[in-house]
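Subject: Structure handover

Hello,

Here is the structure we discussed, for your files. My notes on it follow below.

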Amino acid sequence: MREYQLFVNGEFVNSSSKETFTSINPFNQEVIAKFQKATVEDAKMAISSARNAFDNGEWKKISREERSNWIKKISDKINENKTELEGLEVEDSGSTIRKAKEDVFLSAKNLYSFSKYASMDFEKEINASKTGKNFILREPIGVVSAIIPWNFPLKMAIWKLGPALAAGNTVILKPSELTSVSAMELAKIFHEINFPKGVINIITGFGEDVGSELASSKLVDKVSFTGSTEIGKKIMQMASCNLKKITLECGGKSANIVLDDADLEMAIDGTMYAIFYHQGQCCEAGSRLLLHEKIYDEFLFKLIEKTKKLKIGNPKNLETDIGPVISKKQQEKILHYIQSGIDSNAKLEIGGKISQEFPNGFFIEPTIFSNVNNKSKIAQEEIFGPILSIIKFKTIEEAIQIANDSTYGLAAGIWSSDDEKSLNISKQLRVGTVWINEWHLLSESAPFGGYKESGIGREFGEDGMLEYFETKHLHIDLIKDRKKKFWYDTVVPKT
Ligand code: ADP
């Protein structure tokens, strides 16, 4: 069993309470790691370390190139340790090895792209005239609290650390209490490469105390959060105490729209990828499938046949398609939703049960409901499990109306052979990302985030970087003659 300490001000330390907690492998419930359970006092220490590193350290003063090089070093180290990180991510989060390989690869790659952003100049001169020069300056916001969930433990850590560091901020990262291993492995990397002390602090602990302190401390300037909408709302309230800047990437109930002119085989594969990837535990999962009535029967039949072939099993094995969900609690929550689907008169086409084959793992069979009412819970609430809700539509207008009839607005997809038609639909969808004949695909240079209750702000791309800067307007006078100032006649005595 691995044991980890808190990483504060460049050192590994124990919790002030000496309490610990463990994490288990969701495949077999074996204990895999032990962590220090940070207290509010420990959170305060980490915050003051980040505050001191920002106010008095070198980090915000060093050149963009130097910052970029530091970030590249972390990326290189992730690549160097990739096999170990992949294995740990599988054990800690129940991620299939295929997903874990992609996550580790993308973490290093995303970090490399953030290192490029670190060396970019976001400042510019505007409105130059004879009377003055105007500049837009970008400065780091200060101390950033980063609070992340359990579905993509390493990748989420990188999505927060990368832009925060690239912009010159200092950070306190709190991973989910369910999946803290990869964040603490990152801490080992920061320690090993002698990353400037206090710039990154990583503490393991629980949301209600440590997370709350990170969100509410007046010494923190920004909170970047990924997780449920419920907690996102709480974070926003807590952050209001000193008007912290916030980036919230929260829940989703994304509509996957298949038109009657779609390439059906591709749309079926895409639909399975959209909902069953990582057991549906993705904020952008395609959890509502909107099927045109003309293709409904054929699509559903083939989708069910293909779903039967998904291989549930040990996430370590390369051939496994469906691993366990993260925890017993999550498994029970998903089972409640399945019952609610049955009670709502939706038709359970396949799945709906826990797997008998692996009684110690938190498995849920890939599950498909047809005849779903868009007003029902399984169409409106984020389940975060391998549960697909299918709704039939007749016209494109109806599909758009159903897709938009959601409190969420994270993503949507359209499967059609007519790009122009899809483009027209995409403009009417109130979501942050639309995929045409694709799903889950994010770009390092394109913003990702939600409309409505899916969040505030964006990650990735220039928009994502700007979330980590303060913007300063700088005006330099060129008139240089007090009598020619436009305000000369306004209030100043003519002496
Ligand atoms: P998920 O359902 O994906 O676990 P949560 O929103 O519950 O999402 O948790 C995401 C992150 O938010 C975790 O790191 C968790 O510890 C943290 N968290 C949970 N509750 C709070 C809270 N009250 N204040 C701050 N952070 C919290």
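Between domain 1 and domain 2 of this predicted model, 12 residue pairs are in polar contact, both residues being at pLDDT 80 or more. A polar contact here is a pair of N or O atoms within 3.5 Å; within protein, one must be able to donate a hydrogen and the other to accept it, and residues adjacent in sequence count only if both atoms are side-chain atoms.

On the side of domain 1 that touches domain 2, the elements giving two or more residues are helix H3 (82-93) and helix H4 (97-118). H4 provides the largest share, 6 residues. Helices are DSSP runs (H or I, at least four residues), numbered from the N terminus.

The rule finds 1 salt bridge across this interface, a salt bridge being a side-chain nitrogen of Lys or Arg within 4 Å of a carboxyl oxygen of Asp or Glu. Arg98 and Asp321 form a salt bridge through their side chains, at 3.2 Å from N to O.

As for the domains, domain 1 covers 2-250 + 454-474 and domain 2 covers 255-436; the bounds come from an automatic or database domain assignment. Their C-alpha centres are 31 Å apart. In contact (heavy atoms within 4.5 Å) are 28 residues of domain 1 and 31 residues of domain 2.

Residues are numbered from 1 along each chain as its sequence is written. Local features need pLDDT of at least 70, side-chain atom pairs count only at pLDDT 80 or more, totals for chains, interfaces and linings use all residues, and side-chain values use heavy atoms, with hydrogens and water left out.

Regards
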